[in-house]
Amino acid sequence: MEVYLKDLENKRKPRIFDMKISPLAKAAVTGLFAFYSAKWGYRYLNNNAEMKLKKERLSMPVYEVTEADLESPPWLNDYENWKYRLVKIHGRFVHRNTTYVPRNVNAYQGYDYIVPCAVTEEDRMAVQKGFLVNKGWIPHDMKAIENRNCVENSYVPETVVGMLSKSEDLERSIFFKGGNVQDEQRFTFNNLNFREIVKMSTFANKKAMEVALIEAIDTEFTKLDEKDPHFYARAMGPEYDWPYKKTLAGALQPKYTDRELAVRSIGYGIVAVLALLL
C-alpha cells in the first residue's frame, strides 16, 4: 500500500504490489487474460446473431437424406451453410455402440444418448453406413440397463428428424477436459470427440460422419420460440419417454446465456488489468 501511495504522490504509474516480475511475463499474462476477455465479449455480441441464424435454418424445409448422401452429404464441405438445418434419415440404431456424454439438466446429472444409425447395411451387417444421432437426454439412473423400464429398439428401422450440429453445447473448454476411454472393456466419454465416437461405430463412411451429427428434435412439442421454458419433450404420455428429445425451443438455446458471457468477459478483463498493474 505504501508503494502504491508513493507512486501516486510522484505521479508515476501506480503498482498495487511491489513485486519483481519481468515485463515479458507480465505482458504474457496480461495478453492471455485480455484475449479471453475479448473472446467471451465476442461471444456475447454474437449470441443474438447465432439465435437468429438458428431460427432461419430451423424454419427451412426438412432435407431427406438419401443413400447417395452417405459418402458425400451436402454438408461435407459446406457445413457452415448447413448447420442447424433439419434433416431426415431412416435407419436402424446400433445400440451396442451407444456413447453417453455427460450433461446436467436443471442441476440433475444425466447423459446425452448418442447412437450410430445405420441407413444401409450389407453383407450381414458387416458393411454399414449412416450417421451419428443424438437421440436426446437420459437421467443418470437410466444409464444402467437393469434400471430401464423399456429396451431400446435395435431391430426395426426408425425415422429420425434432427438438427445438424457439432453438439457445441457439449464441448468442454481447452483446459480441464475429462478423459475419454475406448478399449475392449470400457467406453467412457466425458467430453465430445467426433473422431473417437465415429471410430467406435465401425461404420464405413467415417469421413462424412465426422463433419456433424444429427440431434433428434421434437418439432411438435413447442413453437420456434426461445422463451418457451420446455427445452426437452417430457410429459406424462408414453410417447415422451427417454431419451428425451430437444424441442424447437431447446434447439434455439445458446451454450451460454448473455449473463454468463458478460460475467466471464468482465472477470477476465479485471484479471488482465490487475496483472498489468502488478
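Trainee: What is the volume of the largest cavity?

Mentor: The largest cavity has a volume of about 60 Å³, a volume being the space filled by probe spheres set on grid points joined across faces, edges and corners. This is a predicted model, in which local features need pLDDT of at least 70 and side-chain atom pairs count only at pLDDT 80 or more, while totals for chains, interfaces and linings use all residues. Residues are numbered from 1 along each chain as its sequence is written, and side-chain values use heavy atoms, without hydrogens and water.

Trainee: What makes a space a cavity?

Mentor: On a 1 Å grid over the protein atoms alone, a cavity is a set of points where a 1.4 Å probe fits but cannot get out; lining residues have an atom within 4 Å of a point. The count comes to one cavity of 30 Å³ or more. Among the lining residues of the largest cavity are Arg103, Asp112, Glu215 and Lys246.

Trainee: How many residues of the lining are charged?

Mentor: Five are charged, beside four nonpolar and two polar residues. Asp, Glu, Lys and Arg count as charged, Ala, Val, Leu, Ile, Met, Phe, Trp, Tyr, Cys and Pro as nonpolar, and the others, Gly among them, as polar.

Trainee: Why is the contact of arginine 103 with aspartate 112 called a salt bridge?

Mentor: A salt bridge is a side-chain nitrogen of Lys or Arg within 4 Å of a carboxyl oxygen of Asp or Glu. Arginine 103 and aspartate 112 meet at 2.7 Å, N to O, and therefore qualify. Glutamate 215 and lysine 246, with their closest N and O atoms 3.1 Å apart, qualify too. Salt bridges that share partners join Arg103, Asp112, Asp169, Glu215 and Lys246 into one network. The structure holds eleven salt bridges.

Trainee: Why is arginine 92 called buried?

Mentor: Buried means under 20% relative accessible area, exposed over 50%, and partly exposed in between (1.4 Å probe, protein chains only). Arginine 92 has 10% relative accessibility, so it counts as buried. Both arginine 103 and aspartate 112 are buried, and so are both glutamate 215 and lysine 246.

Trainee: Which residue forms a salt bridge with arginine 92?

Mentor: Glutamate 121 does, with the closest N and O atoms 2.7 Å apart.

Trainee: What makes isoleucine 270 partly exposed?

Mentor: Isoleucine 270 has 46% relative accessibility and therefore counts as partly exposed.

Conventions
1 Å grid on protein atoms, 1.4 Å probe; cavity = no way out; pocket = protein on both sides within 12 Å on 5 of 7 lines; lining within 4 Å.
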